[in-house]
Amino acid sequence: MREIEKINHTGEVPVMEPQRQFYFMDLAKQYVTQISKKKGRPLTFHVTTFGCQMNARDSEKLCGILETVGFEETDSEEADFVIYNTCTVRENANNKVYGRLGYLSGFKKKNKDMMIALCGCMMQEPEVVEKLKQSYRFVDLVFGTHNIFKFAELLVRCFEEQKMVIDIWDDTKEIVEELPVERKYSFKSGVNIMFGCNNFCSYCIVPYVRGRERSRKPQDIIREIEKLVADGVVEVMLLGQNVNSYGKNLDTPVTFAQLLQEVEKIDGLERIRFMTSHPKDLSDELIEVMRDSKKISRHLHLPLQSGSTRILKAMNRKYTKESYLALVDRIRKEIPDMAITTDIIVGFPGETSADVDETIDVINRVKYDNAFTFIYSKRTGTPAAAMENQVPEEQVKKDFDRLLKVVQDTARERVARLEGQTLEALVEEVNEQDASLLTGRLSNNTIVHFKGDPGLIGKIVPVYLKECHGFYYLGEQPLKVMQKSGFYEKVGEENFCAHIDDAIKRAEQYCEAE
């Protein structure tokens, strides 16, 4: 066990947040400095994130606090402090965490001062916490989804108490602003607009571990985005379990569409994304705002889950096949270039091959740009887990395979329609497989790889979509195409930007001729 000299608290501990957490950050920093001096090196940390983008955003907050108190991030799990931010949507996710803990125990035997923390959705399950207490006593800190803002305070408790610290809240209405965040990307960022979920789909554990819906105040969201833009962010992803129900629980209700209109007014912000949208709450007002926006991306993730009205009712989804299709028709009528992606579950209790046929019919009619397809996984603690008529594994596999083929065929057809166009892409990174290529993302969320200078990362640039490869493109920058066609030399470097619209048209004509 680490040997530290307990630091005397000076002054009254603040009661109000976030001042209280800043107090504990300062205290934690003193402990980290003390231990670092004894070791003769900086203390390191490593955070592993399981699950959704909400968890990823939470991990950025954890990293921000750890860096504030003096830890340095490392890619190695042999760090001085390792955090697993867990997911519990599927039971095998829990088993994966237990397996990783066994791996970490070997490192801790070598480094007695090592600290291990577990947080996230999995920790909201009482049986998980009990198992940790009984079988994984080497874990130092366990906390859940509702009190992540208390991380600095809990860290100080770990330093001072030298024993397993467990702090789990059943629920909360509290939202703490202004805590440090260490973003993964300098040019784009997730922004939580709400927490929790009120939908209680019969297969989903999320409402039980994330709690009921609570929305952030619009002024707090706007202020956060303004600070992000001032720090170089050009794209934000507004996050919530169901963004379409944003604002209902505020003292002065605000619709999601109204929030989007305010976000769009922020100077310097170039792109707005959001997820996830529940079909039952997607309003005509929101469709109109998306249609008229110059910043909202042309991509909508609209989970279907099943095309059978009978199964949708059993799932407690609160819409029908017909109402879902009518919604898609309204979206496509108002915004023809909108890319629509979805989630689909195969093998829900009681589902027949005829029900799967209904889902395939929806796929053929909507023609999704992409779909995330899942085999139903029984999740203990949900109503669906106790349902009779669990579908035999062999039947599920047959239905899944034939549905997946339709998804892939229709998505390829949908994505390929862009070939030959020049569209803007946010350059995100150097391609992991080929360092000579950059990887960018179109407004509709399609990926494009093209040759270019890494200095373009973080910028939005026009890219000619030369070849479609299923679900991504190989492209070229119009400037390169112009050099081939002679147009660039004709107008000269100074005049090229003034002629950019003409240049793009010439690029398209040149490539069509090729």
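User: Where is the place of Pro 18, and what is omega for the peptide bond that joins Glu 17 and Pro 18?
Analyst: In this predicted model, Pro 18 sits in the segment before H1. Most peptide bonds are trans. The bond joining Glu 17 and Pro 18 is cis, with omega at about 5 degrees.

User: What is phi of Lys 318, and between which helices does Lys 318 lie?
Analyst: Most residues other than glycine have a negative phi. Lys 318 is not a glycine, yet its phi is positive, at about 65 degrees. The loop that holds Lys 318 runs between helix H10 (309–315) and helix H11 (321–334).

User: Is Asn 389 buried or exposed?
Analyst: Asn 389 is found in the loop between strand E14 (370–375) and helix H13 (393–416). Its phi is near 60 degrees, a positive value in a residue other than glycine. The cut-off for exposed is over 50% relative accessible area. At 58% relative accessibility, Asn 389 counts as exposed.

User: Why is helix H5 described as largely enclosed by the rest of the structure?
Analyst: Helix H5 covers residues 151–161. Its buried residues include Phe 151, Leu 154, Leu 155 and Phe 159, and also Glu 153. Helix H5 is largely enclosed by the rest of the structure because, of its 11 residues, eight are buried.

User: Which helices and strands do the buried residues of H5 pack against?
Analyst: Among the buried residues of H5 are Ala 152, Val 156 and Cys 158. The helices that the buried residues of H5 pack against are H1 (19–39) and H2. The strands are E3 (81–86), E4 (115–120), E5 (141–143) and E6 (165–167).

User: Which residue takes a positive phi just after H5?
Analyst: Helix H5 spans residues 151–161. Just after H5, a positive phi of about 55 degrees is taken by Gln 162.

User: Which side chain does that of Arg 57 join in a polar contact of 3.2 Å?
Analyst: Arg 57 is found in helix H2 (residues 53–68) and is buried, with a relative accessible area of 3%. Leaving aside neighbours within four places in sequence, Arg 57 is in contact with residues including Val 181, Arg 183, Ser 189, Glu 224 and Leu 239. The 3.2 Å polar contact joins the side chain of Arg 57 to that of Ser 189.

User: Which backbone oxygen does the side chain of Thr 342 reach?
Analyst: Thr 342 lies in strand E13 (residues 339–346) and is buried, with a relative accessible area of 0%. Not counting residues up to four places away in sequence, Thr 342 touches, among them, His 301, Leu 302, Pro 303, Tyr 324, Tyr 368 and Phe 372. At 2.8 Å, the side chain of Thr 342 reaches the backbone oxygen of Leu 302.

User: Which side chain does that of Thr 49 join in a polar contact of 2.6 Å?
Analyst: Thr 49 lies in strand E1 (residues 44–49) and counts as partly exposed at 34% relative accessibility. Not counting residues up to four places away in sequence, Thr 49 touches Asn 55, Ala 56, Ser 59 and Asn 85. The 2.6 Å polar contact is between the side chains of Thr 49 and Ser 59.

User: What separates the C-alpha atoms of Tyr 103 and Glu 77?
Analyst: Tyr 103 is found in helix H3 (residues 91–110) and is partly exposed, with a relative accessible area of 42%. Tyr 103 and Glu 77 are 26 residues apart along the chain, and the separation of their C-alpha atoms is 9.4 Å.

User: What is the radius of gyration of the protein?
Analyst: The secondary structure comes to 16 helices and 19 strands. For 514 residues the globule rule gives 24 Å, and the protein is as compact as a globular protein of that length because its radius of gyration is close to that value, at 25 Å.

User: What percentage of the 514 residues in the protein is buried?
Analyst: Among contacts with a separation of 6 or more, 74% are between residues 24 or more positions apart. Buried means under 20% relative accessible area. Buried residues make up 55% of the 514 residues.

Methods:
Residues numbered from 1 in each chain as written. Predicted model: local features only at pLDDT ≥ 70, side-chain atom pairs only at ≥ 80, totals over all residues. Heavy atoms only, no water. Helix = DSSP H or I, 4+ residues; strand = E, 2+ residues; numbered from the N terminus. Rg over C-alpha atoms; globule rule 2.2 N^0.38 Å. Buried < 20%, exposed > 50% of the residue type's maximum accessible area, 1.4 Å probe, protein only. Contact = heavy atoms within 4.5 Å. Polar contact = N/O pair within 3.5 Å; in protein donor to acceptor, adjacent residues only side chain to side chain.
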